Amino acid sequence: MATSTHSAPATARHQIGDFAVGPQYVIDVRDQPPDMFEDHSTKNWSKLTWRDVGRPYRVEKWASEKKDYERTHGEPLPILDGWKKFNANFHKYFNTNVPEAAKSARAELTQAIAKFDMHGASEAVEEMFHLLIWNRIHRAEDAIWDPRGKRALFEGLNVKKPRILFLGAADGYEAMALAAMYPGGHTVLVDYDDFCKTERFGKFPEAYPFLGVDPATGHKRVWYREEMNIDFEVEDIRNLKYGREFDIVVSIGLVEHFPDEHKALAYEFHRRFVKPGGYVIVTTPRDQTRTRAWYYVMSDLLNYGYRELMDVNQLGLYSHENGFDVLRAGVIKAHNGLILKVRDSR
Ligand SMILES: C[S@@+](CC[C@H](N)C(=O)[O-])C[C@H]1O[C@@H](n2cnc3c(N)ncnc32)[C@H](O)[C@@H]1O
């Protein structure tokens, strides 16, 4: 385990209300409504059935690297290897200066056409397509990080200086959002891809502002990554030795990678580490036209393993039938989100 806590103050400063679209990402510390959260909390989950809600949609357009591996080896691509490729590709786009990259792709296309290089032209067109959709989802809509939607989903938890556990943490974004809203505690990020520790979280922009609260005054304030007390553990979730000791256990885009015969195990991972009465937060990508289009266009870069898209009713029903009470349910830009408690643990 390695700590990333620093006492040095952040160099970059933002004001509450700031909003700016940068070449790589959006800064959004606006605190005014409308919140990007559609509330579905009043649903009676015990009355829902699978017949009512239908089954999730499976994304089955695979990355060509996965297909090539499986053709050559005659066996499925190992799951961790798939995540390593996913994280490396995703990170490359997070690090891309989109306007510059789009300009280079256009120049490459022009050159390739001038030389009648049809292979080069088709590669340039493909890259332009990837950049176009990345730009739309991450820069125009800010739908991946979605700070406003996530704040709206995470608000109102009754915790002080919480211990937070993030299962399958990748860049750790949502745990940092939580640590800003509920400061003064300790956060553990867990991911078995070490690239997430060194690169995705390790090089997460230090100047990115998270809107949260000042525990001394109760007023809003901006937090930065290096002001938070965070450890990153490179480990398989199945091997974690923690007990029921965390105030909040969170996963973002994890349970939809477990087919139905393993859903109970996915929920068990959350239950295993949350204190009696603590909160479990689960989000999964929404089944909507734009998300299907995203995985269609980006499949070669992101789709290496089993993946479902679902709606909030399906996620709520999975959670309810796996022994959780749904305290809050809603949809944000790209995900369904639930705040849960283990049933009978309050
Ligand atoms: C779909 S990603 C989460 C999406 C994330 N929000 C992002 O921005 O990429 C799931 C993450 O969980 C990790 N993961 C999956 N299964 C795991 C396991 N058994 N133990 C530890 N980490 C796991 C993967 O390495 C991956 O980084």
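Biologist: In which loop does D146 lie?

Modeller: D146 lies in the loop between α5 (118-140) and α6 (147-154). Helices here are DSSP runs of H or I of at least four residues, strands are runs of E of at least two, and both are numbered from the N terminus. The model is predicted: local features need pLDDT of at least 70, side-chain atom pairs count only at pLDDT 80 or more, and totals for chains, interfaces and linings use all residues. Residues are numbered from 1 along each chain as its sequence is written.

Biologist: How do I read phi there, and what is the phi of D146?

Modeller: Most residues other than glycine have a negative phi. D146 is not a glycine, yet its phi is positive, about 45°.

Biologist: Is D146 buried or exposed?

Modeller: Count C-beta atoms, placed from the backbone: 20 or more others within 10 Å means buried, 12 or fewer means exposed, and in between is partly exposed. D146 has 25 C-beta neighbours inside 10 Å, so D146 counts as buried.

Biologist: Where is A170, and what is its phi?

Modeller: A170 is found in the loop between β6 (163-167) and α7 (173-181). Its phi is positive, near 50°. A170 is buried, because 23 other C-beta atoms lie within 10 Å.

Biologist: Which residues are closest to the ligand?

Modeller: A residue is near a molecule if its C-beta atom, placed from the backbone, lies within 6 Å of it. Here 17 residues surround the ligand, and the closest are W83, G168, A170, Y192 and G253. The elements that give two or more residues to this shell are α3 (79-94) and β7 (186-191). α3 gives the most, with 3 residues.

Biologist: How does the shell around the ligand divide by class?

Modeller: Ala, Val, Leu, Ile, Met, Phe, Trp, Tyr, Cys and Pro count as nonpolar, Asp, Glu, Lys and Arg as charged, and the others, Gly among them, as polar. The shell has 9 nonpolar, 3 polar and 5 charged residues.

Biologist: How do I read helix packing, and at what angle do α4 and α5 pack?

Modeller: Two packed helices are described by the angle between their axes and the distance between the axes. Axes are lines fitted to C-alpha atoms over the stretch in contact, and angles run from 0 to 180 degrees between N-to-C directions. α4 (residues 98-114) and α5 pack at about 160°, with axes 8 Å apart. That makes α4 roughly antiparallel to α5. Angles over 145 degrees count as roughly antiparallel, under 35 as roughly parallel, 65 to 115 as roughly perpendicular, and the rest as oblique. The residues of this contact divide into 13 nonpolar, 2 polar and 4 charged.

Biologist: At what angle do α6 and α7 pack?

Modeller: α6 and α7 pack at about 55°, with axes 10 Å apart. That makes α6 oblique to α7. The contact is made by P147, K150, R151 and F154 of α6 and E174, A177, L178 and M181 of α7. Two residues are in contact if their C-beta atoms, placed from the backbone, lie within 7 Å.

Biologist: How many residues of α12 are buried?

Modeller: Helix α12 (residues 312-321) is mostly covered: 8 of its 10 residues are buried. The cover includes α1 (50-53), α9 (260-273), β12 (274-285), β14 (324-331) and β15 (335-342).

Biologist: Last one: is N97 buried or exposed?

Modeller: N97 is exposed, with 12 other C-beta atoms within 10 Å. N97 lies in the loop between α3 and α4. N97 and P23 are 74 residues apart in sequence, but 5.0 Å apart in space, C-alpha to C-alpha.
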